[in-house]
Amino acid sequence: MRRGWGALACAAALTLVAAPLAAQEKTGNKPGFTLAPGTATIVLMRPEIAVGAQSTGGSYEPNADWTDQARENLGRALAEAQGKLGNRVVTHVEPVGQGAATAHEYRALFTALADSVITYQFFPGNRLPTKKRGDSFLWSIGSEVAKLPGVQGADYALFVTTEDHYGSTGRKLLQVFAAGVAGIGVSAGVHKGYAGLIDLKTGDLVWLNADLAMGGDVRTPEGAAKRVSQLLEGFPGKPVEAPVAPAAPTKTAAR
Amino acid sequence: MKGLRIAAIGLALVAAPVLAGNKLIPAGQPVAVAKSVLTVTPSVEWNKLGARPGRNSETWTFDGDALNDLTFYGGIEPEQTLFREVSKRTKPLPRVKATMLVTDIPTLVENSYRIALDTPLFTVEGMEPMAFAGKPGIRFTYSFTRPNEDLPRKGEGRGAITGGKLYLITFEAPRLHYFDAGVAAFRQVANSAKL
């Protein structure tokens, strides 16, 4: 019986802790930023895509075939969406040599920046005190980004990162077992998707859509299309589409 | 009663990363850091993270520890580690030694990072003698990359050993933009250190 109480108390403690996670925000805008349709040139950076499996223990095992499939499917879906964003979107022509390495490093910096926004801005309980003032949403990759080969002449750069860890059979069985027998929540799979718009004059992040649990199986064309539509949901300057289903209101960080 | 205790432990274990409040460090006021006698006076505002990398350390940041990370190690005693052990049995962290010299500090940092971050990509770029908090000390620079991330970072450290204890401040950030943007604020904090 004593053990029973312990487990119950532990479960209660877990529930209490899980609550703040539910209040996570997913979209942020730099205060005062607006983008009218047909006024800007946006350069679409090559998306950073990684797909793999999640082992029973939770570790990530990259899968080259899945990553190739996702690259092809997401590439096609992005190309299709590109024309419907309200502004001129051009694909970044990947530079050669050192320029290619720098472009890759900038994409990695964008991913780290988006991770930081999720951890220290989108979770209100964990927000950094200097980021709490007013409607502050001040994040940047630095104005030096304007020197990157291939972005000259554009006003904004659109960065996209996706990372998917599909739960292995073992992981899924563990999830079912843990939920049914031990009453513990074990996550199966990671499906993170970040899309962010960088002002090329300042390097400031003016819009970010970032979620660690996105929908759409990127290994299939249909899933990739769904993922891209989620990534670009609420994209600044995008003409409003007729909603298929009433969408739940999105919480905005800049408020 | 036991149930309550288990609940409290469970809560503490799980809640630490989420509920550990981040605090504002105001500019211009002396502040004791890393639960020690080490005091610094920052000239700009910082955020102190609720999560600590080890028992006698604390981290300050502007934009999150992945973008700019200033960590204080306040009086690490002999036979203690810089960080919490990741796997004490299979990969024990190096320990501070009573016989350590200041020139051993960069090696201690290097070997601790290689284990804690599980990365082979760590290089000490340079070192030179420089007083720290009025004691004979060292300044060193380094670079490293975390595994599963193609984002090279640069770091700079200032440290001294006094009374057998290690006092150390490090700053690290991605070499693109963030290191250069934050290193002057770090140097100001390091120069203001008092023991």
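Visitor: Which helix of chain A holds both A:Arg76 and A:Glu72?
Guide: This is a predicted model. A:Arg76 and A:Glu72 are four residues apart, about one turn of the helix they share. That element spans residues 64–82 of chain A and is helix 2.

Visitor: How far apart are the closest N and O atoms of A:Arg76 and A:Glu72?
Guide: Side chains of opposite charge can pair when their charged atoms come close. A salt bridge needs a nitrogen within 4 Å of a carboxyl oxygen. A:Arg76 and A:Glu72 form such a bridge, and their closest N and O atoms are apart by 3.1 Å.

Visitor: Is A:Glu72 buried or exposed?
Guide: Exposed means over 50% relative accessible area. A:Glu72 has a relative accessible area of 51%, so the word for A:Glu72 is exposed.

Visitor: How many residues apart in sequence are the parts tied together by B:Lys165 and B:Glu77?
Guide: The side chains of B:Lys165 and B:Glu77 meet in a salt bridge, at 3.9 Å from N to O. B:Lys165 lies in strand 10 (residues 165–174) of chain B, whereas B:Glu77 lies in the loop between strand 6 (69–76) and helix 2 (105–116) of that chain. The pair therefore ties together parts whose separation in sequence, in residues, is 88.

Visitor: Which residue follows helix 4 of chain A?
Guide: Helix 4 covers residues 169–182 of chain A and reaches 19 Å from its first C-alpha to its last, close to the 20 Å expected. The residue that follows helix 4 has a positive phi, near 70°, and is A:Gly183.

Conventions: Residues numbered from 1 in each chain as written. Chains lettered and ligands numbered in written order. Predicted model: local features only at pLDDT ≥ 70, side-chain atom pairs only at ≥ 80, totals over all residues. Heavy atoms only, no water. Helix = DSSP H or I, 4+ residues; strand = E, 2+ residues; numbered from the N terminus. Expected span 1.5 Å × (residues − 1). Buried < 20%, exposed > 50% of the residue type's maximum accessible area, 1.4 Å probe, protein only.
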